[in-house]
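Take a look at the model below.

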Amino acid sequence: MIAGIDLGTTNSLIGVMDAGFPILIAGEEGERLTPSVVHLPGPLVGRAAARLRVVQPANTISSIKRSMGRDVRFHGKNPEEISALILGKLKRDAERALEQTVSRAVITVPAYFNDGQRQATKRAGELAGFTVERIVNEPTAAALAYGLDKLNAKSKIAVFDLGGGTFDITILELNEGVFHVLATHGNTRLGGDDIDNALLSEIEIAREGDPLFTARLREAAIEAKHRLSLEEEARIELPFAEGETSFSHLLTRAGLERIARPIVEKTRGHCLRALADARLSLADLDQVVLAGGATRMPMVRRLVAALFEREPNTSHNPDEVVALGATIQAGILEGAVQNMVLLDVTPLSLGIETFGGLMNVIIPRNSTIPLKAGEMFTNAMPNQRSMLIKVLQGEREMARDNWPLGQFEIAFEPGAKGQARVGVQFEIDANGILHVLARDTKTGAEKIVAIQSAVDVSDEAVEKMLGDSVEHAFEDMNERILTESKLKASEMLAAVRHAFGIIDLSAEEKRKVEVLAREVEAAMESGELARLKKANAALDEGTQRLATLLVERAMEKE
Ligand code: AMP
């Protein structure tokens, strides 16, 4: 039996297939949603920990998912170990309910999780005693939950997922039971938590140095926010907040919407970009479905309806769709659900650094996984004995602006410049985890490295990457063209020097080429792109005869 798990920022859920249907399992307290909260040193997990958050906020950890893949510690434990405590509780709850051991699991992650964060999630599952069969993107799982009853329809679906901590928009195509992700976009720091923070800073009366009050107020404010999804008014009340006096604040839906609007509005641009990436117009979409607790807010539903020009499908419980989808995926792996294959995409491009500090993309963003792709590289220097493979993730043209995922050296037989043949292959498995293989194709010597190291980048950086690539597109492209022109110039200059050594040219001809070569050198020095391009072209043109002579000479020799 394989369990499906939604390891959420705010809440987590676990489910299993039962006689062909996904069911979500309630914990000891009768609730299917387990707050993703851990109290240490206990450890206490879930509702019990969430209650202690109010009285002992310093020992209570929530939203640990936001730190996944980062090198941080809370009470001596890293984010994987803390997440493992949450997964361990879900495992025990499932085992108690099912009266059998549950040792295999499918776990979901946001579409924007990078490789390091996926690895960290997988390890958290393993620490909790699971064999992690699959890591699945949350919006893909949600679509799976909605798509189950429409197996034969050929349709395009947008999944709008606004949870506690992250926002994702994913566009999928469902075709004869096969899911295919067309595009995915999002923001790893956008969700209901931000609405809570904005709400709190609006209503909090100056009470610095009273964390207990603030924690109680937060709980009460969140509860009021939830009520306002159904009602027009909600009162936040904290009896005996300060000895005798009680705290009371009336919140209206209109008031909440005014506070939440700037946060909710941020989803708009991502949706438009995802549609553009998928090369779809609104009319091409068949369905818009919702996931994530924050999509219960009427204003979010209104925004989605206006943006996509149709009412979103709300037939499933938005808190539960991801877990249901994970459970269905578990069913597919168990063989309980048939006729469905899940295809996912890479959210950011993957590549390696090449000559001149350029990013050489091997797997472009939005490629369908699992997949393999490779390229051949050579040595820039004569007698080089090894090559450093720097694995990068990101959308920028220059290697230095992308994230280093890891690096290793591959040795090869030394020889003249351009003689080595090193094949570099990237393989992304079904969990979205990257394996890099480098092989000296002459000797067959190879190295395979699973990119294990968690990438210590802040979550903001993840979402910044896409924005930056658009913002700097022009400079980046210019720098790439300049770098490439410089590389071309160096190559031509070296070739000219080499040719002068073996071909006898008339003094006049030689002088002409030298003038052109000096201009290329000066243009390289100046860093002026237009001048360098012109100089390169002139040298190229001016050495045509030299090139012909070289070829003839080579043929004579044979
Ligand atoms: P998730 O990450 O999907 O569990 O979503 C959690 C987020 O949804 C939190 O920010 C919750 O406060 C929010 N949420 C849950 N229920 C509601 C509701 N009824 N109205 C508004 N927001 C809600």
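Around the ligand sit 15 residues, and those that come nearest are G164, K225, H226, S229 and G293. Here a residue is near a molecule or strand if one of its heavy atoms lies within 4 Å of it. This is a predicted model, where local features need pLDDT of at least 70, side-chain atom pairs count only at pLDDT 80 or more, and totals for chains, interfaces and linings use all residues. Residues are numbered from 1 along each chain as its sequence is written, and side-chain values use heavy atoms, with hydrogens and water left out.

What sort of residues make up the shell around the ligand, by class? Three are nonpolar, nine are polar and three are charged. In this scheme Ala, Val, Leu, Ile, Met, Phe, Trp, Tyr, Cys and Pro count as nonpolar, Asp, Glu, Lys and Arg as charged, and the others, Gly among them, as polar.

Now look at polar contacts. A polar contact is a pair of N or O atoms within 3.5 Å; within protein, one must be able to donate a hydrogen and the other to accept it, and residues adjacent in sequence count only if both atoms are side-chain atoms. An oxygen atom of the ligand lies 2.8 Å from an N or O atom in the side chain of K225. G164 uses its backbone: a polar atom there is 2.8 Å from an oxygen atom of the ligand. For N11, an N or O atom of the side chain is 3.4 Å from a ligand oxygen. Taken alone, the ligand exposes 500 Å², and the protein buries 88% of that. Accessible areas come from the Shrake-Rupley method with a 1.4 Å probe; for residues, only the protein chains shown count as cover.

The largest share, three residues, comes from α6. Helices (H or I, at least four residues) and strands (E, at least two) are DSSP runs, numbered from the N terminus.

The expected span of a helix is 1.5 Å times one less than its number of residues. Buried means under 20% relative accessible area, exposed over 50%, and partly exposed in between (1.4 Å probe, protein chains only). Helix α11 (residues 473–502) passes the same check: 30 residues should span 44 Å, and its end C-alpha atoms are 44 Å apart. Among the buried residues of α11 are D476, R480, L482 and F500.

Next, single residues. I14 lies in strand β2 (residues 11–18). Is I14 buried or exposed? I14 counts as buried, because its relative accessibility is 1%. Leaving aside neighbours within four places in sequence, I14 is in contact with residues including I5, I23, L90 and F130. Contact means heavy atoms within 4.5 Å.

Q393 lies in strand β22 (residues 386–393). With a relative accessible area of 4%, Q393 is buried. Beyond four places in sequence, its contacts include N114, D115, L348 and W403. Q117, in helix α3 (residues 115–127), is buried too, at 4% relative accessible area. Its side chain reaches the backbone nitrogen of N114 at 2.8 Å.

The loops hold some details. G20 lies in the loop between β2 and β3 (21–24). Its C-alpha atom is 7.9 Å from that of G331, although the two are 311 residues apart along the chain. In the loop between β5 (37–39) and β6 (44–45) sits P41. The peptide bond from L40 to P41 is cis, with omega near 5°. P43 lies in the loop between β5 and β6, and a cis peptide bond joins G42 and P43, with omega about -10°. E99 has a positive phi of about 55° although it is not a glycine. E99 is exposed, with a relative accessible area of 72%.

Finally, step back. The protein chain has 14 helices and 26 strands. Of its 558 residues, 51% count as buried. Its C-alpha trace spans about 100 × 50 × 50 Å along the principal axes.
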